[in-house]
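Here's a walk through one model, feature by feature. Have the structure open and follow along.

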Amino acid sequence: MLVPMSMFADAQPQNATRFVLEEATISSIHAALSSRQITCAQLTRAYLDRIDAYDHKGPALNAILAVNPRALDTAAEMDRFDATALAGRPLHCIPVVLKDNYDTADMPTTGGSVTLAKSVPPADGFVVRRLREAGAIILAKANLMELAWSGTTVSSLGGQTRNPYDLTRTPGGSSGGTGAAIAANFGVLGTGTDTGQSIRSPASANSLVGVRPTRGLVSRAGIIPLSSTQDAAGPITRTVEDAAILLDALSEPSTRCREALEQGIEKLVIGIPRQYFFEDLHPEVAAAVERAIAQLTALVSGIGELNLAVDEDRTLQSAEAFAYHRERIAASPEVYQPETLRRIRSGERFTASEYQSALESLRQVRREMI
């Protein structure tokens with residue numbers, strides 16, 4: 001049963017801004033907790049109720065693979081914290097939805113594959129550990145394109161995820177379960193991984209903020225890999241500020257993204273890669289991007305157009321994915337989605353020299369970008 005908003009309003013102190021669950025942010029939740037409009041347990045219950053009402057019922061978004069059975073207990077424990085215990089917890093009581101390729105020691109980590117349905121890692125991955133240390137509540141794990149390969153978010157374990165804005169359209173991918181969940185207010189923050197577009201695609205499709213950070217800024221330890229040379233882990237949120245706060249919490253060493261936001265963006269120079277990225281754009285998408293560029297032009301110190309010789313070479317991704325999954329495919333090929341299996345097996349054909357050539361091409365693109 002959905003928690004009524006009156007539950008939050010009844011405890012509202014005079015002059016406090018009324019807390020609204022839909023589109024809540026880190027700052028609005030912390031303000032509501034501080035003013036005692038809500039408790040951590042009430043907040044967590046409200047998000048769990050939304051998942052129950054809308055994920056497999058109603059619009060049946062099919063974004064969530066598993067809910068954390070200890071989420072409410074964790075929230076109740078947090079309600080007993082004193083001010084000293086809250087120090088250094090920037091994500092205190094913030095419900096997080098993880099893409100289900102992040103290792104969790106208390107829940108299965110499946111990659112959306114039935115072959116991993118009961119696979120519980122021995123320890124939390126780096127990002128999950130950082131989230132817990134920062135005070136976040138791991139609320140649920142989201143569906144993804146099986147093994148994070150491709151962009152429509154369908155898996156042998158979870159089926160097809162739907163876009164909350166239009167149930168007939170894709171939520172993007174491969175982190176589309178996270179994108180749909182955050183757009184539908186199943187949690188406050190989400191995590192994704194991005195090899196080619198898998199954070200940015202769901203952010204675009206679900207009207208969210210997605211950040212693919214510089215590789216190495218956020219550790220990939222404890223994440224099911226697709227491409228060891230191209231995978232990156234990052235935030236999917238509803239606001240820029242929340243993305244900055246989450247990235248600060250996840251990065252090692254810690255970034256100062258939120259501090260940079262507060263200082264403004266006037267000194268930034270933004271590069272627009274016209275080649276490759278702007279080909280075959282839908283007219284409405286192209287118009288929206290051009291409007292954004294025009295708005296940014298008035299806010300930053302410069303806009304520069306880049307021409308990069310980008311060749312979409314799948315050699316690295318295919319070869320590295322095959323190397324990781326080779327033994328499991330040999331033992332149980334039938335448990336993979338046929339299209340996923342075809343893509344992974346495509347990496348078997350590449351020679352060492354072809355792989356080295358692809359690595360050099362990647363280095364060349366990076367040099368041109370710099």
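Where is Ala 148 found? Ala 148 sits in the loop between β3 and β4 (154–155). Keep in mind throughout that this is a predicted model.

## Two residues with positive phi

Let's stay with Ala 148 for a moment. Its phi is near 70 degrees, which is a positive value in a residue other than glycine. Ala 148 is also buried, with a relative accessible area of 7%.

Ser 207 is another non-glycine residue with a positive phi, this one near 60 degrees. Look for Ser 207 in the loop between α8 (200–205) and β7. Is Ser 207 buried or exposed? Ser 207 is exposed, with a relative accessible area of 55%.

## The sheet

Now for the sheet. Here 6 strands make up an open sheet, and reading across, the order is β1-β3-β2-β6-β8-β7, with mixed pairing. The edges belong to β1 (64–67) and β7 (209–210); each has a single partner strand, so one side of each is left without a neighbour in the sheet. Helix α3 (residues 40–54) packs on the sheet, where it touches β1, β2 (95–99) and β3 (137–142). The direction of α3 makes about 10 degrees with that of β3.

At the β7 end, β7 pairs with strand β8 (residues 232–237) in the antiparallel sense, over 2 bridges. Thr 191, for instance, stands opposite Pro 235 in β8. How many residues of β8 are buried? The count is 6 of its 6 residues, so to speak a mostly covered strand.

## A buried helix

Next up is α7 (176–183). The buried residues are Gly 176, Gly 177, Thr 178, Gly 179, Ala 180, Ala 181, Ile 182 and Ala 183. What covers the buried residues of α7? The cover includes β1, β2, β3, β6, α8 and β8.

Ser 174 lies in the loop between β5 (159–160) and α7, and a cis peptide bond joins Gly 173 to Ser 174, with omega about 10 degrees. Just after α7, Asn 185 takes a positive phi of about 60 degrees.

## Another cis peptide bond

A cis peptide bond also joins Glu 252 and Pro 253, where omega is about 0 degrees. To find Pro 253, go to the loop between α9 (240–250) and α10 (257–263).

## The disulfide

How many disulfides does a search of the whole structure find? It turns up 1 disulfide, and the cysteines it joins are Cys 40 and Cys 93, with an S to S distance of 2.1 Å. The link of Cys 40 and Cys 93 is right-handed, with 115 degrees about the S-S bond. Cys 40 lies in helix α3 and Cys 93 in the loop between α5 (83–86) and β2, so the pair ties together parts that are 53 residues apart in sequence.

Cys 40 and Cys 93 are both buried. Cys 257, by contrast, is partly exposed, with a relative accessible area of 22%.

Finally, have a look at Asp 103, in the loop between β2 and α6 (126–133). Asp 103 is buried yet has no salt bridge. Which side chain of opposite charge is nearest to Asp 103? That is Lys 141, 6.2 Å away, whereas a salt bridge here would need a nitrogen to carboxyl oxygen distance within 4 Å.

So what is Asp 103 in contact with? Leaving aside its neighbours within four places in sequence, Asp 103 is in contact with Thr 109, Pro 121, Ala 123, Asp 124, Gly 125, Val 128 and Gly 222.

Methods: Residues numbered from 1 in each chain as written. Predicted model: local features only at pLDDT ≥ 70, side-chain atom pairs only at ≥ 80, totals over all residues. Heavy atoms only, no water. Pairing = 2+ DSSP bridges. Helix = DSSP H or I, 4+ residues; strand = E, 2+ residues; numbered from the N terminus. Contact = heavy atoms within 4.5 Å. Axes fitted to C-alpha atoms, helices over the stretch in contact; angles between N-to-C directions. Buried < 20%, exposed > 50% of the residue type's maximum accessible area, 1.4 Å probe, protein only. Disulfide = S-S within 2.5 Å. Lys, Arg positive; Asp, Glu negative; His and termini not counted.
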